[in-house]
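User: I have a model open and a few things to ask about it. Can you take them one by one?

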Amino acid sequence: MNTLQTYLSSAKSKTADAGLVVMGNEAADLDSMASSIAYGYLCTLQNPDTPALPVMPIPRADFHLRTEAVFVFKEAGINLDDLVFLDEVDLDGLMSGAGLVLVDHNVLAPGLEKFSNKVVGILDHHNDEGLFPEADPRIIQSIGSCTSLVAREFIARGITLSREVAILLCGTILLDTVNLDDKAGRVTDADKEIAAKLLPLCPLSQQEYFDKVQLEKFNVQGLSTNDLLRKDYKEWTLGQIQCGIASALLPLKEWAQMDGALAAGFAAFTKDRGLNLLLSMNAYTDPGFNRDLVIFCQTEEEHDKLLGYLQEKGLDLKPIELAGQKQGETGFVGFFNQGNLGISRKKMQPLLAAFFEENKS
Ligand SMILES: [Mn+2]
C-alpha cells in the first residue's frame, strides 16, 4: 500500500514524470499546503500512471515561518525533505507536460498567469471568479476549509482516509474553523460532518489538537520583522502600483517592542520586492478580537492620501503612538488601530484596487 510518506518521496524523486501539478495559493498557509498534498495523494492513488506532484508555492526557506504547518505536518508524519518547494523545481519545464490543479484559490497567482491554459482542476472555497469553466473537477464552495473539500473527495471517490491524511486534514479544518465554533462565523455544516469522520482517526482529542495548532499559529517567538512580513503575504499589481499586504498575528505594540526600527524593516522589504505600497494587517485577541494596520508608502503625501481614502471607506483608523519608533530614511510609515474589524485582507484588496483605479496618473 502506498502510504502518504512513500507517495511524497516517490513523487519528489520522479518530479519529471508528474502528470499533474497541484498548487495552493501564494500565501501558502496550512490550508493551501495541506490541500495540495492530500489532493495530490488522492489523484495518484486513483491514477498511479500519471502521478500528481504537490508544489509548495513558497521558497523552502520560508516554510519554517508557517509554524502551524510545521507542527501539523510533523503530526502527520510528513518528512519535510520529501516536499517540493517553488525554488526547487523548473516549473516551466514541469508544466510543459503536466496539467495544473488549483486548490484553495481559483485565480492564478501573479507570475503564474502563463499557465492559464494548463488548469485542469479546481477545489476551492474563495469567491468564484468564473475562470477556467472547463476545469474538471471544478468544485468551488463556501466552506470553512478547503481541506474539507479534499476530505470529501476521498469519501466520494471511495478512497480510504488513512490516519496520516486524517491528521493532516483535520488539524487544518480545526484551525480554519476556529475549532468548529459557530460563533467565529467560519464553520459550515459540511465542515462539521467531515471533521466528525476524521476526528476518530486522530490521536489527539478535538480540543487538544485545536489548542496545539492554534498555539503554534500564534507563536512569533524569534521572528524578525522580515519574517513576520513574509509569514502570510500576498501581492497585487493595481494599475501602476505594486502592492503587498502582509497578515500578522500580533498587536503592533508587541511588534514594536520586538523591533525598535519598524520603518527601516518595512522599507527594506519594500525595496527587495520592488513595491510602491506595503500594508501589514495585524489581527489578534486582546482579549476580544482586535485589528491594527501599518501603512508604508514611498512619501508622506501618498500615505496621507491613502489614509484619507480608507477613513472615507469607514476603516475607523486611530493612530497608535509606539514608543521608540520613528520614521525611517526612506518612505513614510503610519501605525493605526483599525476600529472596523470587518475589513480583512480579502476586503482590503478590492478597496485598494478601486483607489488606484481612481487615482491613475
Ligand atoms: Mn483556505
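User: How far is the sulfur of C43 from the closest cysteine sulfur, and in which residue is that one?
Analyst: The closest is in C146, at 12 Å, which is too far for a bond. A disulfide here is a pair of cysteine sulfur atoms within 2.5 Å. This is a predicted model, where local features need pLDDT of at least 70 and side-chain atom pairs count only at pLDDT 80 or more, while totals for chains, interfaces and linings use all residues. Residues are numbered from 1 along each chain as its sequence is written, and side-chain values use heavy atoms, with hydrogens and water left out.

User: How many disulfides does the structure hold?
Analyst: The count is 0.

User: Is C43 buried or exposed?
Analyst: C43 is buried, at a relative accessible area of 8%. Buried means under 20% relative accessible area, exposed means over 50%, and partly exposed is in between, with a 1.4 Å probe and protein chains only. C146 counts as buried because its relative accessibility is 0%.

User: Which residues are buried in α5, the helix with C146?
Analyst: They are C146, T147, S148, L149, V150, A151, E153 and F154. Helices are DSSP runs of H or I with at least four residues, strands are runs of E with at least two, and both are numbered from the N terminus.

User: What covers them?
Analyst: The cover includes α2 (30–46), β4 (99–103), β5 (119–124), β6 (138–140), α6 (163–176) and α7 (189–198). Contact means heavy atoms within 4.5 Å.

User: What follows α5?
Analyst: G158 does, with a positive phi near 70 degrees.

User: Switching to the metal. Which residues coordinate the manganese ion?
Analyst: D31 (OD), D104 (OD) and H125 (NE2) do, at 2.1 to 2.2 Å. Donors are N, O and S atoms within 2.8 Å of the metal (3.2 Å for Na, K and Ca), and water is not among the atoms, so sites may look incomplete.

User: How are the donor residues spaced in sequence?
Analyst: The pattern is D-x72-D-x20-H. D104, in the loop between β4 and β5, and H125, in the loop between β5 and β6, are 21 residues apart and link distant parts of the chain.

User: Are D104 and H125 buried or exposed?
Analyst: D104 counts as buried because its relative accessibility is 1%. H125 counts as buried too, at 19%.

User: What is the phi of D104?
Analyst: It is positive, about 60 degrees, although D104 is not a glycine. L180 also has a positive phi, near 60 degrees, in a residue other than glycine. L180 lies in the loop between α6 and α7 and counts as buried at 15% relative accessibility.

User: What does D176 touch?
Analyst: Leaving out residues up to four places away in sequence, D176 touches D31, G144, S145 and R186. D31 is also one of the manganese donors.

User: Last topic, peptide bonds. Where is a cis one?
Analyst: One joins D136 and P137, with omega about 5 degrees; P137 sits in the loop between β5 and β6. The bond from D286 to P287 is cis as well, with omega near -10 degrees.
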